[in-house]
Amino acid sequence: MENKIPTHVAIIMDGNGRWARARGMPRTYGHAEGARRVADVTGAAGELGIKYVTVYAFSTENWSRAEEEVGALMKLFRSYLKTCTKDADENDMRIRVIGDRTRLDPDIQDAISRVEEHTRSYSRVTLTLAINYGGRDELTRAVKKLARDVRSGSLECDEVTPETIGSYLDAPDIPDPDLLIRTCGEQRISNFLLWQLAYTELYFTDVAWPDFGAAELREAVEAYGNRDRRFGGVK
Ligand code: IPE
Ligand code: IPE
Ligand code: MG
């Protein structure tokens, strides 16, 4: 039987602010609650046999939010990066980060390196955090590296293929997502994984991220299982 469990699920964790506002609380309360869902959902993903989970935690556009909100999000990354190793140890979970980390505070960059190093050999499930990530930014950085290699002579311009381009992206060894989930009603990509989503199945739910748990993930995976996937061919 065909395996209907997606290998890689990417998630746009949206709606923390609206979820908090509906409870008369500040947006940052929603972010704190949302951060807790990451471990729940990744744990549930591991149990379902999903190998890769990639979550959109902070976009290159999110810097334009109020300083206080950006500061609260950075604080959450700090505390998440401190506590996630325990979860990783217990669940054989590798943690990686995509995005331009050079714009993050040095202590966050150090914490990322430590967590990536500590979990390098774990293989049951890989959780990739997209922090200061933008699909256009990732492609721009890839093109710059590629252009430098052409200039230095280590790459032939005429030999550039889609695979070559893919190899310059932030996590070239991770397969493209099979399923993209976006929570809280909006139906757009918001600059997430532009290259990698070429043939990904899209799933939108009205549930806000802080309310998204194992049951909602199972529902999304079930919907994915009922899709008739095509990659431009005929069946
Ligand atoms: C998603 O929730 C989390 C981040 C973008 C960091 P939002 O903060 O976008 O919440 P809404 O969409 O305003 O409700
Ligand atoms: C996308 O959500 C980014 C993250 C979830 C980190 P946004 O809330 O920032 O996206 P828009 O503004 O609705 O497109
Ligand atoms: Mg949003």
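In which sense, left-handed or right-handed, does helix 2 pass helix 3? The crossing is right-handed; a crossing counts as right-handed if the near helix is turned clockwise from the far one by less than a right angle, and as left-handed if anticlockwise.

## Basis of the model

This is a predicted model: local features need pLDDT of at least 70, side-chain atom pairs count only at pLDDT 80 or more, and totals for chains, interfaces and linings use all residues. Residues are numbered from 1 along each chain as its sequence is written, chains are lettered from A and ligands numbered from 1 in the order in which they are written, and side-chain values use heavy atoms, with hydrogens and water left out.

## Helix 2 against helix 3

The axes of helix 2 and helix 3 come within 10 Å and cross at roughly 20°. That makes the two helices roughly parallel. Helices are DSSP runs (H or I, at least four residues), numbered from the N terminus. Axes are lines fitted to C-alpha atoms over the stretch in contact, with angles from 0 to 180 degrees between N-to-C directions. Angles under 35 degrees count as roughly parallel, over 145 as roughly antiparallel, 65 to 115 as roughly perpendicular and the rest as oblique.

Helix 2 brings Arg27, Thr28, His31, Ala32, Ala35, Val38 and Ala39 to the contact (heavy atoms within 4.5 Å). Helix 3 answers with Glu69, Ala72, Leu73, Leu76, Tyr80 and Asp87. These residues divide into 8 nonpolar, 2 polar and 3 charged. Here Ala, Val, Leu, Ile, Met, Phe, Trp, Tyr, Cys and Pro count as nonpolar, Asp, Glu, Lys and Arg as charged, and the others, Gly among them, as polar.

Take leucine 76, in helix 3. Leucine 76 touches His31, Ala32 and Ala35, leaving aside residues up to four places away in sequence. Leucine 76 and alanine 32 are 44 residues apart in sequence, yet 7.0 Å apart in space, C-alpha to C-alpha.

## Helix 2 against helix 7

Helix 2 spans residues 27–48, and helix 7 spans residues 214–225. Their axes come within 9 Å and cross at roughly 45°. The pair is therefore oblique. The crossing is right-handed. Val41, Ala44, Ala45 and Leu48 of helix 2 make the contact with Ala214, Leu217, Arg218 and Val221 of helix 7. The count is 7 nonpolar, no polar and 1 charged.

## Helix 3 against helix 4

Helix 3 (residues 67–91) and helix 4 (residues 106–118) have axes that come within 10 Å and cross at roughly 15°. They are therefore roughly parallel. This crossing is left-handed. Met74, Arg78, Leu81, Cys84, Thr85 and Asp89 in helix 3 meet Asp107, Ile108, Ala111, Ile112, Val115 and His118 in helix 4. The division is 7 nonpolar, 2 polar and 3 charged.

## Ligand 1

Ligand 1 is surrounded by 13 residues (a heavy atom within 4 Å). The closest are Met13, Asp14, Arg18, Arg27 and Arg65. Polar contacts are pairs of N or O atoms within 3.5 Å. A side-chain N or O atom of aspartate 14 is 2.8 Å from an oxygen atom of ligand 1. For arginine 27, a polar side-chain atom lies 2.8 Å from a ligand 1 oxygen atom. Glycine 15 uses a backbone N or O atom, at 3.3 Å from an oxygen atom of ligand 1.

## Ligand 2

The residues around ligand 2 include Met13, Asp14, Tyr56, Phe58, Arg65 and Arg188. Serine 190 places a side-chain N or O atom 2.6 Å from an oxygen atom of ligand 2. For asparagine 62, the distance from a side-chain N or O atom to a ligand 2 oxygen atom is 2.9 Å. A polar side-chain atom of arginine 182 lies 3.2 Å from an oxygen atom of ligand 2.

Technical notes. A polar contact is a pair of N or O atoms within 3.5 Å; within protein, one must be able to donate a hydrogen and the other to accept it, and residues adjacent in sequence count only if both atoms are side-chain atoms.
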